[in-house]
Each structure stands twice: as structure tokens, then as C-alpha cells.
Amino acid sequence: MSERLVVIGGDATGMSAASQARRMKDASALEIVVFERGRFTSYSACGIPYWVGGQVADRDALIARTPEEHRSRDIDLRLHTEVVEIDVDGARVRYRDRESGAPAWLSYDHLVIATGARPLRPSLPGIDANGVHGVQALDDGQALLETLEQARGNRAVVVGAGYIGVEMAEALIRRGYDVTMVNRGAEPMSTLDPDMGALVRDAMCGMGIKVVGDADVSEIRTGDDGRVAAVVTDTAEYPADVVVLGIGVRPETDLARAAGLPLGQRGGLRTDLAMRVRGHENVWAGGDCVEVLDLVSGRERHIPLGTHANKHGQIIGANIGGGYAVFPGVVGTAVSKVCELEVARTGLREKDARAAGLQYVTVTVESTNRAGYYPDAAPMTVKMLAERFTGRLLGAQIVGQEGAGKRVDIAAVALTARMTVEQMTMLDLGYAPPFSPVWDPVLVAARKAVTAVRERG
Ligand SMILES: Cc1cc2nc3c(=O)[nH]c(=O)nc-3n(C[C@H](O)[C@H](O)[C@H](O)COP(=O)(O)OP(=O)(O)OC[C@H]3O[C@@H](n4cnc5c(N)ncnc54)[C@H](O)[C@@H]3O)c2cc1C
């Protein structure tokens with residue numbers, strides 16, 4: 001007899017799970033129904049800054065697979081349809097067509113919760129004014145582009161200096177805007193240590209972006225026409241024709257909470273390694289709505305990234321399809337860029353290491369992305385953390401020009417393998433002058449960390 005899989009959320013996690021399950025079981029064995037409250041499926045929110053910035057020509061380029069393509073693979077995809085309740089005991093969901101408003105129940109044998117994350121939107125005066133935009137979904141990108149086309153001036157304020165804020169600052173610079181970035185923390189990119197964040201700030205200032213730290217936004221001021229006019233902080237006011245919010249997200253788990261499913265300290269669903277919601281045999285969850293195991297600190301964290309969401313979906317689909325797959329956890333790797341500057345991190349920051357009760361040493365090296373004599377060699381900085389007595393690598397952060405950022409993957413692999421910095425020094429990395437100095441900057445940092453461990457150990 002056929003089973004039914006119900007998926008809530010039709011983007012990275014949900015459609016990966018549905019597609020993988022379909023690869024493993026055909027429609028006679030598994031009926032698959034996906035509810036998506038929006039208009040799109042399998043879209044890349046990650047590409048929105050590059051679409052807004054003009055590097056990506058149009059919205060459709062960001063859609064990996066259309067609803068029609070999914071339907072042609074026997075996936076019953078219901079757009080504009082929101083799940084409003086999960087009845088775990090009855091193994092059913094209540095859904096509502098957003099156009100007709102008609103509610104109905106559908107039972108399931110397997111449920112996948114792939115509801116993503118919700119952008120933070122502080123309740124400030126003026127926050128809903130025309131010209132204030134978030135950038136979470138494709139419709140947000142479209143709305144922002146329309147505002148940019150109609151805006152009378154060219155002053156943009158980005159609120160928040162995480163990677164989305166930084167990427168949006170680049171997009172707005174590329175469109176000829178005067179950009180001010182207002183941030184609550186002292187330095188941009190709080191996923192880095194402040195000394196590395198300061199390098200990002202200096203480079204952004206060099207690009208003509210005004211970077212304001214230690215600032216709390218208290219109001220979005222509007223003009224007589226109801227449009228945004230300025231961003232007001234506790235100490236100053238920044239004129240704005242458009243405002244972009246990039247102040248973070250929280251897991252979209254209201255439905256799960258109401259259903260009594262287990263949530264972690266950050267509000268994300270708690271799963272086992274197979275991505276099954278803890279204590280619930282036939283309920284699965286992945287992507288931005290779950291917490292993940294940090295393999296370096298051993299703690300559960302909420303790290304909303306597409307790279308995890310796609311893997312989670314594939315693992316869930318494989319398990320529902322009758323296979324066996326597990327997600328071991330993450331080491332916290334992320335890379336982004338603002339104009340020519342690449343910014344990357346993996347593992348623990350100093351404050352994470354302290355919070356985990358670890359004793360550590362840090363080293364920072366200045367090197368170049370290519371051999372120093374090779375044309376266009378540019379500076380790059382690598383910071384590395386190692387455990388004080390054991391020399392185990394704890395984390396790495398990189399700021400530099402072309403080719404710098406993805407070098408963080410070397411450290412990500414070393415963290416996953418629980419390597420010491422000493423073991424790292426002999427890694428057999430590729431070398432030729434156009435790509436790196438003969439000692440890659442990551443290896444130089446590892447060598448310096450070995451010395452620091454010996455001196456402090
Ligand atoms: C601007 C931007 C840039 C990014 N850049 C990167 C990057 O460079 N690298 C990276 O790794 N990650 C990046 N990300 C993060 C990445 O996009 C997310 O981690 C990923 O999309 C999460 O996938 P998901 O399927 O878990 O959630 P989502 O993509 O958020 O999908 C969840 C879906 O569920 C639907 N939904 C929610 N509730 C319901 C309901 N009750 N009923 C029906 N449908 C529902 C939503 O409409 C949504 O379509 C970026 C995100 C943004 C916004």
C-alpha cells in the first residue's frame with residue numbers, strides 16, 4: 001500500500017527531501033505532497049544580492065527547479081498554500097489555500113518540516129514605511145528592485161552588518177548608491193573576532209561605504225509622502241531613500257512549537273543525526289528551522305545556511321526513501337564578499353572558545369593570495385585558534401582579496417578531521433605562483449600556531 005509524505009516548505013530543504021525520496025521510491029509506493037505558501041520553489045535566496053547588484057540578469061536565473069518540473073516528477077506541489085496546524089497525535093496537517101481561504105486536513109505517514117527562518121523585524125516607528133526592505137525571499141528582491149528604480153535620491157542605509165548586510169552594501173554600491181551601514185556591534189561581521197571585523201570595516205570604508213558601529217536604531221523617519229526619509233540612531237540621523245534590513249533571522253518554528261515538538265535554546269527544532277525530530281518516529285526536519293551540532297564545541301547551534309539545508313533535505317529524503325543517511329554536524333564554515341574583499345570563517349571565535357571553557361592560543365599572519373612577485377598579488381590575513389595544550393585546531397578566519405576566502409575550506413577539513421596545527425603544516429596543498437606563495441598563508445598560520453602552542457603549552 002502506498003504511503004504519503006507531506007512536506008511543509010518548498011525551498012532548499014523541502015524540495016531536496018521530496019526529490020530524493022522520489023528518486024528512491026516511485027509514485028506507486030510513495031505519494032508526495034508539498035505545501036508552499038509562496039509562489040516559488042527551489043529558489044536561491046543566496047543569489048538575491050547578486051540579482052539586486054546586477055551581476056545576475058533576472059529572477060528566473062535563481063530558480064533551480066520550477067513547480068512544473070517538480071510536478072512532472074510526480075510531486076504534488078501546492079503553491080499559495082499554508083500549513084496552519086500540525087496534529088502530531090493524529091498524524092495530519094491542517095492547510096489553507098491563501099487565495100480561497102478554504103481550510104482542510106491531510107493525513108501523513110511521514111512529515112517533513114522545512115519551514116526555514118523568519119527575518120528579524122524590530123517593532124520600531126516607521127519600520128513598515130515605503131522603501132524599507134528585507135531580503136529573505138524572491139518577492140523581497142523584486143520589491144527592492146522596484147523601489148530602487150523609483151527612488152528619487154541615491155542614499156541607501158543598510159541596517160545590520162552580518163554577511164547579508166555586507167553583500168547588500170555591495171549590491172547598492174554597484175547600483176551607484178551612497179551606502180551607510182549601521183550596526184549594533186562595534187565591527188561588521190560579528191561571526192568574526194572584532195580584530196578581523198576591523199579589517200572588513202577598514203576595507204569597506206576604503207570602498208566609500210560609511211560604516212557606523214555601536215549604533216542602536218531607534219526609528220525609521222518618514223517624509224510627508226509616507227516614504228522612508230532617514231534612519232535615526234541613539235546618536236545620529238542618516239538620510240535614506242531606501243533602507244535594507246539585514247539583522248538576522250530566527251527559526252520559523254511557531255507551528256512546531258504549537259504542536260509540542262522539541263525545540264532547542266535558539267528556538268530551532270531538535271533532531272537526531274538522521275534528521276528525525278527527537279522522539280517522533282515519522283516527523284523529520286532540516287534547514288533553517290533546526291539546530292545543528294557544532295562538532296568543535298559540542299554544542300547545539302542555529303546556523304541558517306543553504307549549504308546545510310540542501311544536505312539535510314537529501315538526508316531526510318534518503319531515509320524516508322528506505323535508505324540510511326546521517327548528518328554528522330557542522331564546523332561553522334561560511335564565506336562571503338563585499339566588492340573585492342573576501343571574508344571567511346570556520347570553527348570557533350575567541351568568545352566561542354571561552355564560552356566552551358577551552359584554553360587557546362591565537363596567531364595572525366599577513367601574507368599574499370599569490371606569490372609576492374606575481375602580478376596582482378594582494379594582501380590577505382589569516383587568524384588561527386588552536387587549543388593550548390593539545391594543539392588541536394579550533395578555528396580560522398580569513399580576510400583578503402581574490403582566492404583568499406575559499407582557503408577557509410582547508411581549515412574546515414582540518415577541523416572535521418580534528419587535526420592539530422602541527423599536522424596541518426605538512427598538508428600537501430597545491431602550489432604555483434599565480435595561486436599562492438610557496439607556503440600557503442593557511443600553512444604559515446598553522447606553523448606560527450605550532451610555535452605559539454609550544455611557547456604557551
Ligand atoms: C539574501 C540571502 C543570502 C544568502 N546567502 C547565502 C550564502 O551565500 N550561503 C549560504 O549557505 N546560505 C545563504 N543564505 C541562506 C539560505 O538561503 C538558507 O539557509 C536556505 O534557503 C534555507 O533553506 P530552507 O529550505 O531551510 O528554508 P527556506 O529557504 O527559508 O524555505 C522555507 C520555505 O518554507 C515556506 N514556508 C514556511 N512556513 C510555511 C507554512 N506554514 N506553510 C507552507 N510553506 C511554508 C516558506 O515560504 C519558504 O519558501 C542566504 C539567505 C539570504 C536571505
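Me: Which strands form the hairpin with two residues between them?
Reply: That hairpin is made by E21 and E22, and cysteine 339 in its turn has a positive phi of about 50°. The model is a predicted one, in which local features need pLDDT of at least 70 and side-chain atom pairs count only at pLDDT 80 or more, while totals for chains, interfaces and linings use all residues. Residues are numbered from 1 along each chain as its sequence is written, and side-chain values use heavy atoms, with hydrogens and water left out.

Me: How many bridges join E21 to E22, and do they run parallel or antiparallel?
Reply: Five bridges join strand E21 (residues 334–338) to E22, and the two run antiparallel; strands are said to pair if DSSP finds at least two bridges between them. Within this pairing, serine 336 stands opposite valine 343 in E22.

Me: And what does E22 do with E25?
Reply: E22 also pairs with strand E25 (residues 393–400), in the antiparallel sense and over six bridges, and glycine 347 has glycine 395 in E25 as its bridge partner.

Me: Why is E22 called largely enclosed?
Reply: Seven of the seven residues of E22 are buried, so the strand is largely enclosed by the rest of the structure. Buried means under 20% relative accessible area, exposed means over 50%, and partly exposed is in between, using a 1.4 Å probe and protein chains only.

Me: What about E2, how many of its residues are buried?
Reply: Five of the six residues of strand E2 (residues 30–35) are buried, which leaves the strand mostly covered. Strand E1 (residues 3–8) is joined to E2 by six bridges and the two run parallel, with valine 6 opposite valine 33 in E2.

Me: Switching to the ligand, which residues come nearest?
Reply: Of the 30 residues around the ligand, those that come nearest are Asp11, Glu36, Tyr43, Asp288 and Leu305, where a residue is near if one of its heavy atoms lies within 4 Å. The residues of this shell divide into 16 nonpolar, nine polar and five charged.

Me: What lies 2.7 Å from the side chain of glutamate 36?
Reply: An oxygen atom of the ligand is 2.7 Å from an N or O atom in that side chain. A nitrogen atom of the ligand lies 3.1 Å from a backbone N or O atom of arginine 37. The protein covers 90% of the 990 Å² of accessible area that the ligand has on its own, as given by the Shrake-Rupley method with a 1.4 Å probe.

Me: Now arginine 349, where does it lie?
Reply: Arginine 349 lies in the loop between strand E22 (341–347) and helix H9 (350–355), and it is buried, with a relative accessible area of 13%. Its side chain reaches the backbone oxygen of serine 190 at 2.6 Å. Contact means heavy atoms within 4.5 Å, and, not counting residues up to four places away in sequence, arginine 349 touches several residues, including Thr191, Asp193 and Gln397.

Me: Last one, is leucine 144 buried or exposed?
Reply: Leucine 144, which lies in helix H4 (residues 138–150), is buried, with a relative accessible area of 0%. Not counting residues up to four places away in sequence, leucine 144 touches Val52, His133, Val135, Met168, Val242 and Val244.

Technical notes:
Helices (H or I, at least four residues) and strands (E, at least two) are DSSP runs, numbered from the N terminus. A polar contact is a pair of N or O atoms within 3.5 Å; within protein, one must be able to donate a hydrogen and the other to accept it, and residues adjacent in sequence count only if both atoms are side-chain atoms. Ala, Val, Leu, Ile, Met, Phe, Trp, Tyr, Cys and Pro count as nonpolar, Asp, Glu, Lys and Arg as charged, and the others, Gly among them, as polar.
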